[in-house]
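Good morning, and thank you for joining this meeting. I would like to take you briefly through one structure, beginning with a single residue and then widening the view.

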Amino acid sequence: MTTPVSLGLVLDLAGTFAFALNGALTAVRVARLDIVGVIALGSITALGGGIVRDVLLDALPPATFLDWRYLLVAATGGLLAFALSRQLERLSSPITVFDALGLSLFAVTGAVKALDHGFGGGQAVLLGAITAVGGGTIRDVLVRRVPTVLQSELYAIPALAGALVVVVTAALEGPMLLGALLGAGLCLAIRLLGVGLRLDAPRPPGGGDAGREA
Amino acid sequence: MTTPVSLGLVLDLAGTFAFALNGALTAVRVARLDIVGVIALGSITALGGGIVRDVLLDALPPATFLDWRYLLVAATGGLLAFALSRQLERLSSPITVFDALGLSLFAVTGAVKALDHGFGGGQAVLLGAITAVGGGTIRDVLVRRVPTVLQSELYAIPALAGALVVVVTAALEGPMLLGALLGAGLCLAIRLLGVGLRLDAPRPPGGGDAGREA
Amino acid sequence: MTTPVSLGLVLDLAGTFAFALNGALTAVRVARLDIVGVIALGSITALGGGIVRDVLLDALPPATFLDWRYLLVAATGGLLAFALSRQLERLSSPITVFDALGLSLFAVTGAVKALDHGFGGGQAVLLGAITAVGGGTIRDVLVRRVPTVLQSELYAIPALAGALVVVVTAALEGPMLLGALLGAGLCLAIRLLGVGLRLDAPRPPGGGDAGREA
């Protein structure tokens, strides 16, 4: 199976940028962190998923650390968010939208990288999802929130769906460019729809929302 | 030193299942998380210790990711806990008992795996303990609790004891089956006894329980 | 580029010891943890940065796990802090000073190790900073604090500065002993000056300190 290498890198860097914006805005929103804190959280959010992915794939040192472009994109996203924070923070959606974009792009690139490393379809789907939710989970832990992946609003499910589209496309030997865009698009759609409609996956029998964080 | 490979896998999967139940029930108990959150936390708790172990042993990609049985057992445990949550959550002990079972089994399998990889006895004891407490520590961090391993009630000590039994058995070239069961049993006994009697290890001079979480 | 190997190990162990004291005192200060919790947190703080560094460098298994001296130094530091906790905890600075010492030493040894592994200057600076802040960040997460690296008081900047001095010295083929001591000294000076004068890096436009933790 041949994957468009340059497309894979572009999508990965785009996802990195999206998560950098998201992480940096989170740093600004959560507390008035200084420029170092904002860039640090943006970078950790942007690079975290890729690092977890590369550890699981035994693809060390991680690409996000070896390739200067990842670090540059992450830092740039952080700086940009810092500079535009006042304008952006009046709106609540940018944080969520950037996170959804990063989620979608990483679900696809994570699955592609797993397939490229010879892993089976099921593991590639799982790894795509892990790459997608990894950075955001580390971000949430650092700012002392229960990670989004553990809460509702469909976070892991769209990531799994996006990765699945990629894996199915590869299995059918279809055009990977289309598979990647379809997968990312599907993930983005499910995620944003879920947020917009406040859809939840089934909850345990017994009802009640005691203690749930929105 | 020859270890019963099939026994090692069975114990490792059993520990995985125990931690999956524990993690999933924690997700239900802490907040009414949806099915995805419950299975996610159950899986992270179940697989976390093994992943940390494999990174330290440089046994990548981690077995818990390569071998489908681990993922299946983890997800099954999570689903089961989700379905039976209402019945189980009236009791406070299942969470603690499953955690103690996972702790005991992983203390043993972690030590065995370290010995199999050629590490010395001391490192194997340490690695067994790390494997045992690893998943639960990640679980606690994700739900914003100070990890059990840092609090009292004898958590790391029983894990170290169980791993030590395994290492001593190997050093004496005794039967590993017996060493494994003895070690797990010892760890389980110390842990549950400590919980039951609320025994603590020595505290720093100066007294007072200010700020301690039960 | 030849580095004084024995000096590198001495500095690394010294940094490990400093962070062990810092982590253990944090465990005593945050809550009256028992001796196991104090040694555990001291060890995690002391060894965490080195483990993250070795994963990123693909130098597994991590030196901090392979070499008994690291584990011995970490445990010793933890025990010492536990025993002297009452005397030490009346003062607020020891925790900060030990952390600054660990930060400075690890910034230097992390950069040196990256260069030894053939990484470029920029990556070595980054890795020095990551090694320096890594242990403290894990410590903060475990005791449920927003990590110091994300807050002000100049934490990442001095680490980057110290690592930069090392990298520049190596690039100029200067004496590494001097570069290491200068780098550690610079980092220590900036960090302690920042704490003393409560200097902050620039904050995002919009003013206000809402929600900031000192």
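Let me start with Val97(A), which lies in helix H6 of chain A, the helix that spans residues 93–116. Please bear in mind that the model is predicted.

Is Val97(A) buried, partly exposed or exposed? Its relative accessibility is 32%, so Val97(A) counts as partly exposed. Val97(A) also takes part in a nonpolar surface patch, together with Leu101(A) and Leu192(A). The area of that patch is about 180 Å².

Let me now turn to chain A as a whole. Chain A has 9 helices and 0 strands, and its pattern along the sequence reads α-α-α-α-α-α-α-α-α. The chain has 214 residues, of which 58% count as buried. How much accessible surface does chain A have? The figure is about 8,000 Å², with 70% of that surface belonging to carbon and sulfur atoms. As for contacts in chain A between residues at least 6 apart in sequence, 75% of them join residues at least 24 apart.

Finally, I turn to chain C. Thr109(C) is located in helix H6 of chain C, which covers residues 93–116. Thr109(C) has a relative accessible area of 7% and is therefore buried, the cut-off for that class being under 20%. Which residues is Thr109(C) in contact with, leaving aside its neighbours within four places in sequence? They are Gly8(C), Leu11(C), Asp12(C) and Arg53(C).

Thank you for your attention.

Note on methods
Residues numbered from 1 in each chain as written. Chains lettered and ligands numbered in written order. Predicted model: local features only at pLDDT ≥ 70, side-chain atom pairs only at ≥ 80, totals over all residues. Heavy atoms only, no water. Helix = DSSP H or I, 4+ residues; strand = E, 2+ residues; numbered from the N terminus. Buried < 20%, exposed > 50% of the residue type's maximum accessible area, 1.4 Å probe, protein only. Contact = heavy atoms within 4.5 Å. Areas by Shrake-Rupley, 256 points an atom, 1.4 Å probe, with all protein chains shown as cover. Patch = residues over 30% accessible without salt bridge, like charges linked within 9 Å, V, L, I, M, F, W, Y side chains within 5 Å. Salt bridge = Lys/Arg side-chain N within 4 Å of Asp/Glu carboxyl O.
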